[in-house]
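Reader: Hi! Could you walk me through this one while I have it open on my screen?

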Amino acid sequence: MDYDLNQLGWREFEHLTQALAIKFIGWGGRPFGDGPDGGREATFEGPLTPPYNEAAEQWNGYTVLQAKYRVRPTEVGGNADWLEGQLKDELDKWLDSTSKRVSVGRLPEYLIIVTNVTLSGSPGVGGKDTISKLVDGYAARLKLKGWDLWDYDKLCRLLDDAPSVYQRYAHMITAGDVLAKLLHFFNQFNIPFVETAVGQLTKDLRAGQWIRLSDAGAPDRQKLTLAQVAMDLPGRIGDKDVMTASRVSELADHILHASLETDNPRGIVIVGGPGQGKTTLSQILCQTYRAALLSEHPAHSLGLGGAAVRDAFLAELSTIGIKPPVARRWPIHVQLSNYVDKLDREPGLSLLSYVARAMITDPDQRVSLAEMRTWLKVWPWLLILDGLDEVADQASRELLLDRVSEFNVDVGQADADVFIVITTRPQGYTSGESAFAWYPEIQLRPLEPEEAAQFTARLARARHPEEPEFVEEIIENARAAAHDTVSSLLMRSPLQITIMSLLLEQQHEGPRSRYALFEEYYQTIFKRELGKKTPEARLLAANASHIHALHAWAGLALQARSEQKGEAAAALSLDELTALVVKRLRSEEMPEAEAFELARSLIRVTENRLILLHRFEDRFGFEVRSLQEFMAARALVSGDGRGDDVLERLAPLVPSAHWRHTWLLAAGCLFTREALRAELLVLLADADNADQLAQRVRPGARLALDLLEDGVAGSNRRYQQALAKHALDLLQLPPERSVQRLAKILVPLGTPGSFVVNRVIAEATLARSQGLAGVLVLACWADESDALGTLAKNQLTTLTTGLSPTQTGLAVSLAATFPLRHIRRIAPPRSSASPTMSLADELLGVLPDEAPQALLELLSSTKVWQERRGDTSVRRVDHTVMPDITRLEAVVKSPEWLAMLLAAADALPGSAWPWIGHINRILGEWHQRQLVGDRIIHPAIDSSPTP
């Protein structure tokens, strides 16, 4: 069989040659990893196994395997010239007595040359004879006792005789129709459901071609394909800019069997805000891998039009900058809210069992766990775990993380090759959570104005392919909005750009706040239906206030329900939805029977015409979570205009991550009511002083920062400054990642001499740990190229000149924890480190003897150490593992125990601020995950709706 070795890339080609060498030469080989290897991919010492141990030609000595990979092999003659040049360079290095491979290493006694290029066998003039003459000419000078050449043809024959090696690389090197060969391959392992799985894959390809209607934002029933509107999204890994889907594909293009030691990550976490495209990215990734697996599959087997779907998507990948994956992994998508709700009913349901049910939907084709483990073992997966943040209940979340950890054990036992992608909002994810502690994070970044314009153009051309002039008008309006100081804040995520683009089809200027964006979108859809001369339009017009309440109350009820255990994928039955509407109609003294009939009519027209509230089988919900949250916000801000009831509803939601987007939307609405702005700021201040825990984690200051980033104050300088003043209270806490975000958001207000700059300068000091956050802000500002950057650099120079030993210790500690460009020079390289200890061990001296066991267990799971940086000892924390914060329940709910923990933290020296900051972080995570929906007083959720 022929194999496609030219897609592997040099790294995986080297790994393949190492595996074949160990298979055919001997297990005593020593493979080399990435980096300088002295011309060696592997070495062998002593006698070799067949075919190098015949009596007449016994290879017994130091054997070197050297691989030469050509990225784009050409015609046979060109390949020979290329390989000849490569080998001459390598062999000359072994003859150079000054080179390290000679002075430090050893000359080979035997040499095996491996290459992916094809060489001609023509006698005397072919590539094989050309290479033979070259190596033979060096053999005497190098004292080579023997050598061999493994070119493309020989590698193929070796792979034919090495099924275990082929199995490991099959998804990367199988040429032609992958699935046809996969079926034959799987038959060897007696996997009876594989044909059903292949059939399901083709069905998923066809179903996955459509962008979800509300994801595309179309306010009508026009269908758009994923290929028409898909785009890769920009993100950052650390300080490196990446395109997210492309980066995932690159990371997954490696052999990742559990038994292999590799620096390549086996998964990644995609972190993005509401509407930023995480689920659509998941859809793009799944469709990419389906299309790659089916790329050579016969057209007739894909059903009528299936090949066109595949080919259109593959063609569009190059337009959006995504390369087809080399590693053709089997894509599996798991909506975590659905899985965790199943777990509530079946706590023992493993992730592998759940995947088996999801992969084979045919009720007549049952898959055993043993068969699923075999599947896992013999073919690589791309497993997408979508929507971690939607699991709000902490006990459910911990159970989910346990099941994911158990799946990782299944992967290890099967020596499987699995790449895992997790998507989440930032408010629903903590770096270092147990199941994903070793995965890097891609932080989706807001789209730049030109990126927003490009996305708008793709959407407009897809919606109006026959109207190029109208499309250009939409694009120009969108480009103007994207460059406007205020409206540009609404053009930074795919969902918001989509809504803005649709609004700009009917008006020249867009809304000026996020709440207004969603509100105008909803009103546009509603008014469009009112303009139709139909009985449904007349019903809508006559009952407009009831329709608005239906959406708002349903959104609020669903948002509250989805917070509860077993309801992550919350939906309302027809009876429950009817009860909500009937409750409203009865409050207006409508007779019960009449209210029931009208409620059913309103639900029917809502489902069929407004298309925001969808029916999922026999239940109702919002297909897009952001629309559910907007409707919930609409319900929260409804009232008689006095505001007391609205603020009373919002107050308990301040700390909650689950309610964060809803709260911000509601606050955006309140900022349009001038009389309530000041009261909203008071509410935030009160939230930070509610109790000793709130004083420690400052939820109000964090929300003030979110509101500032959202631009809810518009161009109102007074309220911009009021929000900034409150957000700057975060400088009184130990430095954390949110301080870097604070610095970035404050840049527009950070003109020299402004109160923002003066406050930061006043707070920034190296004399005490409480001033380090201000120093961190200055280090962030120092990257600016304007007057603010100059001022920050000068201030940093002043702060870091002539330091006392205590100040030096704090400066080095800050630079070691946050190695930003303008302060990392302060921290010398690490010279030594103490053994890792638990935080409980380090706090024993300041914790009282009666400290509860729950508190000690929590602190024991956090690992800390001290390291030497020059003459300074720096305290560090292992942030890669987050403790199980459900253990905090008993501690935090006991004022005595909480006070004990906070007193112990405060008793630590200032140089221990990283440990204190980590304690604050743990407390903050617990605080923002508490269930608060049942504390809202509102007709929609004040009592459970009943039929």
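Reader: Nice, thanks. How many bridges join strand 8 to strand 12?
Author: Three bridges join them, and the two strands run parallel. Strand 12 covers residues 441-444, and Val271 stands opposite Gln443 there. Strands here are DSSP runs of E with at least two residues, and helices are runs of H or I with at least four, both numbered from the N terminus. Two strands pair if DSSP finds at least two bridges between them.

Reader: Is this an experimental or a predicted model, and what are the ground rules?
Author: It is a predicted model, where local features need pLDDT of at least 70, side-chain atom pairs count only at pLDDT 80 or more, and totals for chains, interfaces and linings use all residues. Residues are numbered from 1 along each chain as its sequence is written, and side-chain values use heavy atoms, with hydrogens and water left out.

Reader: Back to strand 8, then. How does strand 8 pair with strand 11?
Author: In the parallel sense, over five bridges, with strand 11 spanning residues 418-424. Ile268 has Val421 as its bridge partner in strand 11.

Reader: And which strands form the whole sheet?
Author: The sheet is open, with seven strands in the order 7-6-12-8-11-10-9 and mixed pairing. Strand 7 (240-243) and strand 9 (330-335) are the edge strands, each pairing on one side only. The twist averages 25° from one strand to the next, using axes fitted to C-alpha atoms and angles from 0 to 180 degrees between N-to-C directions.

Reader: Why is strand 8 largely enclosed by the rest of the structure?
Author: Because five of its five residues, 267-271, are buried. Buried means under 20% relative accessible area, exposed is over 50%, and partly exposed lies in between, with a 1.4 Å probe and protein chains only. Gly267, Val269 and Val271 cover one side, while Ile268 and Ile270 cover the other.

Reader: Changing topic: is Arg463 buried or exposed?
Author: Buried, with a relative accessible area of 10%. Arg463 is in helix 18, residues 449-463.

Reader: What does the side chain of Arg463 make a polar contact with?
Author: With the side chain of Glu505, at 3.0 Å. A polar contact is a pair of N or O atoms within 3.5 Å; within protein, one must be able to donate a hydrogen and the other to accept it, and residues adjacent in sequence count only if both atoms are side-chain atoms.
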